[in-house]
Amino acid sequence: MGTGASISLCQSLSSVKVKHGKNKVGPEPQTIFGSPLDIVIKDTTHQPVPLVVQHTVEYLEEFGLNHTGLFRISGSAAKIMALRLKYDQGEEVDLVKEGDINTVASLLKLFLNQLPTAVFPEDLCTDIWTIFEANKNCTTEQTRCLKRLLSNLPEAHSHLACFLIKFLTKVAANSDVNQMTLENLAIVFSPTLFRPLAYEKQTLCYAMLLHMLQHHKDLFLQSSNHRVSPMEEQAQVRASQEDQNNRRDLGDVLAQFPA
């Protein structure tokens with residue numbers, strides 16, 4: 001399987017409904033908070049995204065989309081730690097009975113914050129930052145730049161990024177009630193999903209995440225199973241330009257003949 005994620009995967013994952021039963025992480029206890037993402041998926045869940053992410057998102061989609069200040073109000077520290085311990089020990093978890101909206105939202109953020117490597121690793125973002133900033137007045141080029149970033153993510157990170165962005169757009173769709181616009185969500189999640197070491201990169205990471213949220217349909221419209229190199233990107237741009245030139249030339253020729 002390639003490294004990218006398609007919109008169909010996002011839709012299939014984020015459309016799962018909450019089952020008001022008990023969710024079990026796996027047959028064997030496994031510490032998942034603070035473990036590398038690929039290890040969590042391989043050794044614990046055997047799912048495209050970690051079960052703690054799937055469970056919390058399912059819960060929030062059913063109960064939290066109209067909750068004012070979602071992700072901005074901290075949950076109960078005691079409940080968060082109790083739920084974390086259960087997931088780490090592979091115990092059965094029932095978020096409906098044991099959690100509440102703010103606690104479950106905080107649990108999701110905690111898991112993402114404790115990943116050893118951010119969802120968007122800094123070593124893959126370095127070149128992208130420069131290109132994205134240089135094209136701040138060109139939406140098309142910025143989208144192409146972010147497609148390149150997404151296509152080069154490790155598979156586990158790519159699936160998780162796609163899943164989360166799809167979910168956050170659902171949250172923003174209810175911003176008239178929950179007050180969490182795309183801008184507010186980008187403020188809350190950009191430090192978590194990017195975790196830039198340099199302070200001056202924080203504003204840039206905010207702009208990149210906001211662009212992803214605003215243009216998620218363009219970014220995930222087609223599968224990114226193939227890694228796109230800079231040379232391939234340039235070739236695609238040249239091919240597009242040549243096609244446009246050919247169309248103009250054909251139009252000039254046809255214009256010489258009467259209708």
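Reply: In this predicted model, helices H8 and H12 are roughly perpendicular to each other, because their angle falls in the range of 65 to 115 degrees. Two packed helices are described by the angle between their axes and by the distance between those axes. For helix H8 (residues 139-151) and helix H12 (residues 202-214), the angle is about 95° and the axes lie 11 Å apart.

The residues that meet can be named on both sides. H8 contributes Thr139, Gln142, Thr143, Leu146 and Leu149, and these meet Met208, His211 and Met212 of H12. Sorted by class, the contact of H8 with H12 holds four nonpolar and four polar residues, with no charged residue.

Another helix, H9 (residues 155-172), has 18 residues. From its first C-alpha to its last, H9 reaches 26 Å, close to the 26 Å expected at 1.5 Å a residue. Of the 18 residues of H9, 16 are buried, so this helix is largely enclosed by the rest of the structure.

The aromatic side chains give a further view of the fold. The count of aromatic pairs comes to five. One of them joins tyrosine 59 and phenylalanine 63 in a tilted arrangement, with 4.9 Å from centre to centre and 50° between the planes. Both residues of this pair belong to helix H3 (residues 51-63), where tyrosine 59 and phenylalanine 63 are four residues apart, about one turn of the helix. Tyrosine 59 counts as buried because its relative accessibility is 7%, below the 20% cut-off. Phenylalanine 63, at 33% relative accessibility, counts as partly exposed.

Phenylalanine 71 and phenylalanine 189 form an aromatic pair that is edge-to-face, with 4.9 Å centre to centre and 80° between the planes. Phenylalanine 71 lies in the loop between H3 and helix H4 (77-88), whereas phenylalanine 189 lies in helix H11 (residues 182-194); the pair therefore ties together parts that are 118 residues apart in sequence. Phenylalanine 71 is buried, with a relative accessible area of 4%. Phenylalanine 189 likewise counts as buried, at 2% relative accessibility. Phe71 and Phe189 also belong, together with Phe167, to one aromatic cluster.

To return to the part requested, H8 and H12 pack at about 95°, through a contact that includes Leu146 and Leu149 in H8 and Met208 and Met212 in H12.

Definitions and conventions
Residues are numbered from 1 along each chain as its sequence is written. This is a predicted model: local features need pLDDT of at least 70, side-chain atom pairs count only at pLDDT 80 or more; totals for chains, interfaces and linings use all residues. Side-chain values use heavy atoms; hydrogens and water are left out. Helices (H or I, at least four residues) and strands (E, at least two) are DSSP runs, numbered from the N terminus. The expected span of a helix is 1.5 Å times one less than its number of residues. Buried means under 20% relative accessible area, exposed over 50%, partly exposed in between (1.4 Å probe, protein chains only). Rings of Phe, Tyr and Trp (its six-membered ring) pair if their centres lie within 6.5 Å; planes under 30 degrees apart count as stacked, over 60 as edge-to-face and the rest as tilted. Axes are lines fitted to C-alpha atoms, for helices over the stretch in contact, and angles run from 0 to 180 degrees between N-to-C directions. Angles under 35 degrees count as roughly parallel, over 145 as roughly antiparallel, 65 to 115 as roughly perpendicular and the rest as oblique. Contact means heavy atoms within 4.5 Å. Ala, Val, Leu, Ile, Met, Phe, Trp, Tyr, Cys and Pro count as nonpolar, Asp, Glu, Lys and Arg as charged, and the others, Gly among them, as polar.
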